[in-house]
Amino acid sequence: MFSEGFLPRFALVLLVVGAANAQLSPTFYASTCPLFPSVARSVVLSAVAREFRMGASLLRLHFHDCFVQGCDASILLDDTATFTGEKTAIPNANSARGFDVIDNIKAQVERVCPGVVSCADILALAARDSVVALGGPTWTVPFGRRDSTTASLSGANSDLPSPFLDLSGLGSAFSNKGFTASEMVTLSGGHTIGQARCVVFRNRIYNETNINPAYATSLQASCPSTSGTGDNNLRPLDVVTGTVFDNSYYRNLLGQRGLLHSDQELVNSTATTAQVIGYSTNRVSFFNDFAVAMVKMSNLSPLTGTQGQIRTNCRRVN
């Protein structure tokens, strides 16, 4: 699936990541919970087989976790009378999903290794296994993250990139987390799978001009122009192969068939357009870069050592 140049390049990235986060390691659970990867993979494969969309949901869940407070499973915490989580934030409300799959993995892992595996590590592994299940690249997931006892509703509202952002805003959102413009284009390729709600692409299909007319018309059939009507109707982010992790997302952008405003913005500069063109014709290059970028993202500000905790239930602090 990968070019011969993938492994040496990827190994170098792992060394860099390892130097930055010495307590994270692919073998972190080798002696304490060796069954964790196989248990998690089995649950993810079953969930994705039942519903292809779940693969995209689990990938997105990891992304939305890491961009707020770092990869600490804060997105999984439920609201209580005395605690406000991130699930009701604008980017997550009525759209973040897959929590039950994470619960299932956690429950099964707890049966074989109680109190050992963090919810944050489960999110990281579930994202990788979801991409693989839908035909995408694999990568080595370093473990050792711990779970937060806090969440940030304000952070979720401010730090997660909006589908309405222009290219400059997108660049700032990713730059704030340490990503380059090139890595932003790469990670945006995660939109080769999944779906979006009418409410986030309504303005694009009725008011924007950089959209294929026939594509816009086809979307209008299930997304009425009136706000409040059909808001939750879903359409695939990738109109061609929406349940397969491939590079057709980039070809769609070149044909002005990006579903979200923020997606189509990637062809609004010479540099990002060149990268989109490159990925549109070279799946291997995209896969290589995506794997590297995902490792980097999964290492955003993890809690390690004695920080945080290992939650017994991913939805609440111990």
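The pLDDT is the predictor's confidence in each residue, on a scale from 0 to 100. The model examined here is a predicted one, and its average pLDDT is 94, with 93% of the residues scoring at least 70. Residues 1-21 have a pLDDT below 50, and this stretch has 31 contacts in the model beyond near neighbours in sequence. Where pLDDT is low, the predicted coordinates should not be read in detail.

The largest pocket holds about 1,000 Å³ of space. It is lined by 40 residues, of which R60, H64, P161, H191 and L260 are the closest to its centre. Several elements give two or more residues to this lining, among them helix 6 (153-159), helix 7 (167-175), helix 8 (181-188), strand 1 (195-197) and helix 9 (198-207). Helix 3 (53-66) and helix 14 (283-297) are also in that group. The largest share, seven residues, comes from helix 3.

Two packed helices are described by the angle between their axes and the distance between the axes.

Consider helix 4 (residues 99-112) as a partner. Its axis and that of helix 3 come within 9 Å and cross at roughly 80°. Angles of 65 to 115 degrees count as roughly perpendicular, and helix 3 and helix 4 are therefore roughly perpendicular to each other. On the side of helix 3, the contact involves M54, L58 and L61, which meet F99, D100, V101 and I102 of helix 4. Six of the residues in this contact are nonpolar, none is polar and one is charged.

Helix 14 is another partner of helix 3: the two pack at an angle of about 45°, and their axes lie 10 Å apart. Helix 3 and helix 14 are therefore classed as oblique to each other. Helix 3 contributes L59, H62, F63 and C66 to this contact, while helix 14 contributes F290, M294 and M297. The residues here divide into six nonpolar, one polar and no charged.

Note on methods
Residues numbered from 1 in each chain as written. Predicted model: local features only at pLDDT ≥ 70, side-chain atom pairs only at ≥ 80, totals over all residues. Heavy atoms only, no water. 1 Å grid on protein atoms, 1.4 Å probe; cavity = no way out; pocket = protein on both sides within 12 Å on 5 of 7 lines; lining within 4 Å. Points joined across faces, edges and corners; volume = space filled by probe spheres on them. Helix = DSSP H or I, 4+ residues; strand = E, 2+ residues; numbered from the N terminus. Axes fitted to C-alpha atoms, helices over the stretch in contact; angles between N-to-C directions. Parallel < 35°, antiparallel > 145°, perpendicular 65-115°, else oblique. Contact = heavy atoms within 4.5 Å. Nonpolar A, V, L, I, M, F, W, Y, C, P; charged D, E, K, R; others polar.
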